[in-house]
Amino acid sequence: MTITLVAIATGIVAFILYYICWSLFSSPLARIPGPKSFALTKWRLAYEDYKGTRTRKIHALHERYGPVVRIGPNEVAFNSLSALRAIYGAGSGFERTNFYSMFAIYGRKNMFSFNTVKQHAERKKLFAHAYAKSAMLKGINASMIETKVRKYMEFLEREGRSQDIFTTLHYFSLDNITEFLYGDFGKTACLDGIEEDRALLHDILATGSRTLSWLTVHHPKLTAWLYSRTGFLGCVARQFYPMQRPTPYTSIKLHATKAFQGFADASVAEKAKQSSLISKLWKHHRSMKDGGLDNLDIASECADQLDGGIDTTSDTLMFTIWSLSRPEHWGFQQKLIDEVRSISEHDLNPEGIPRVEAADKLPYVEAVIKETLRLFAPLPASEPRSSPEATTIDGYLIPARTVVSISPYTLHRNAEVFKNPLEFNPDRWLDPSQDLTEMNRFFWAFSSGGRMCIGMHLAMAEMTTFVAALYRKYTTEPRGGFGTISPGITSRFEVFYDEGCSDMRVCFP
């Protein structure tokens, strides 16, 4: 017995020593600079995830080790345009990792969560035209956005201008995306005061979501097992939930289910009246053509785009207004006001709201939003990819299935490209003395390549029109200490805020 235990212990020690030597000296990634603790185990980076400091930690490692850093036994972070093209460029061969499986809905993957380029491209071609810029600037989508902006302005007058802007901006984005996706079968009316629709946002504000996200990423099977238990085991498992039900977006996903079912049950004539995204997807339903999408495919696609169209727009608008409201930035606010208040009557709709097409052409409005996106990208963290084949990036051999990534957070803080990168300065985007071409190459708020954000033009149309209308009528200033305190939002399981402030306050736990 003693000899057997000694043999087992010896084997374990030998294996550990072999693993350490392989990871640090023999692995193809051993040449890549980075801290040894990260190279030895993936749990070192997972610990940063748990603390909510992953993105800032990787940024700090880039500042110490350079544009290529090994951040795991099988993971490398990059920070260069050459790597950006190699990993995310069209035809690169890199695919999304299993990290994105957490975004599958109703048990079905969708365009956002598909791994392969082929799957993504085949799904995207079914409805990409619905998100085209030309489809946003005029017609029914432009009218929808202008109407929601008008309703927000009326809401300010009706319910007061001291409302929690984080919540009210979510009303605006939710009302837009639900109508765009579901039309009459699922559009919300938060801005009209419908409490049932406003209640959909309650579970977004629930505590514990960061811990749940962490477990979903790092212990997906355990998390799924815990939440699937019923009966006595379910009572026991409930004591270990990282977040009690309802989990984030539960109500919104239920709303998406009802909206889909309402559309599916509608008559052919009723469906034909709709111009929503679901109506466009329905043309590819299996009842309409062989090999098309089934109910769950369409429901998952719409629900995923619903999730993606709420926080991203509202959070960016919140940071835009907050940044312009800070006393040291009132000069920027005044420049914006001067521009939007010079809009001609011809460029206003009959209700006095700037037309979407006119707002799209306002250079300072665009510069303000672009600068906000640079500092507070809605999805600032790493975007992991892997390739089925070995490749060379920035002079380093990257074996097949190595996880590689770049983050907008780090790209947007490159001091060689963006002077004083931590400062909010919209003027930089209109300054001819700056290298604007290089700045635009490093601007990555919407990702790039075939998998860049499909909703980019919808989001920009919403934001430019909103900002133009708001500052045509109002000025803004901080309240509740937010002159020196930064609002904060979460992305996955990290909290993001303005590092230049003396303090921060989390608006979304």
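User: Before we start, what are the ground rules here?
Analyst: It's a predicted model, so local features need pLDDT of at least 70 and side-chain atom pairs count only at pLDDT 80 or more, while totals for chains, interfaces and linings use all residues. Residues are numbered from 1 along each chain as its sequence is written, and side-chain values use heavy atoms, with hydrogens and water left out.

User: OK, how many helices and strands in the chain?
Analyst: The chain has 24 helices and 10 strands. Those are DSSP runs numbered from the N terminus: helices are H or I with at least four residues, strands are E with at least two.

User: What's the radius of gyration?
Analyst: The chain has 24 Å, which agrees with the value near 23 Å that a compact globule of 509 residues would have. That's taken over C-alpha atoms, and the globule rule is 2.2 Å times the number of residues to the power 0.38. Along its principal axes, the C-alpha trace spans about 90 × 60 × 45 Å.

User: And how much of the chain is buried?
Analyst: Buried residues make up 53% of the 509. Buried means under 20% relative accessible area, exposed is over 50%, and partly exposed is in between (1.4 Å probe, protein chains only).

User: Switching to rings. How many aromatic pairs turn up?
Analyst: A search of the whole structure gives 24. Rings of Phe, Tyr and Trp (its six-membered ring) pair if their centres lie within 6.5 Å; planes under 30 degrees apart are stacked, over 60 edge-to-face, and the rest tilted.

User: What about F185 and F263?
Analyst: Their ring centres are 5.5 Å apart and the planes sit at 85 degrees, so the pair is edge-to-face. This pair links distant parts of the chain, 78 residues apart: F185 is in the loop between α9 (165–182) and α10 (195–198), and F263 is in helix α14 (residues 250–265).

User: Is each one buried or exposed?
Analyst: F185 is partly exposed, at 23% relative accessible area. F263 is buried, at 1%.

User: And W322 with F376, where do they sit?
Analyst: W322 is in helix α18 (residues 311–325) and F376 is in the loop between α21 (363–375) and β4 (385–386), so to speak two distant parts of the chain, 54 residues apart. With centres 6.4 Å apart and planes at 75 degrees, the pair is edge-to-face. Both W322 and F376 are buried.

User: Which residues form an aromatic cluster?
Analyst: Y152, F155, Y171, F172 and F466 form one.

User: Which charges lie over a ring face?
Analyst: Among them, K370 lies over F443, at 5.3 Å from the ring centre, and R413 lies over Y409, at 3.8 Å. The rule wants NZ of Lys or CZ of Arg within 6 Å of the ring centre and within 35 degrees of the ring normal.

User: Last topic: how many salt bridges?
Analyst: The count is 30, taking a side-chain nitrogen of Lys or Arg within 4 Å of a carboxyl oxygen of Asp or Glu.

User: How does R198 pair with E195?
Analyst: Their side chains meet in a salt bridge at 3.5 Å, N to O. Both lie in helix α10, 3 residues apart, about one turn of the helix. R198 is buried, at 7%, whereas E195 is exposed, at 52%.

User: Which residues does the network around D294 join?
Analyst: R108, R286, D294 and D297, through salt bridges that share partners. In the bridge between D294 and R286, the N to O distance is 3.9 Å, and D294 is buried at 16% relative accessibility.
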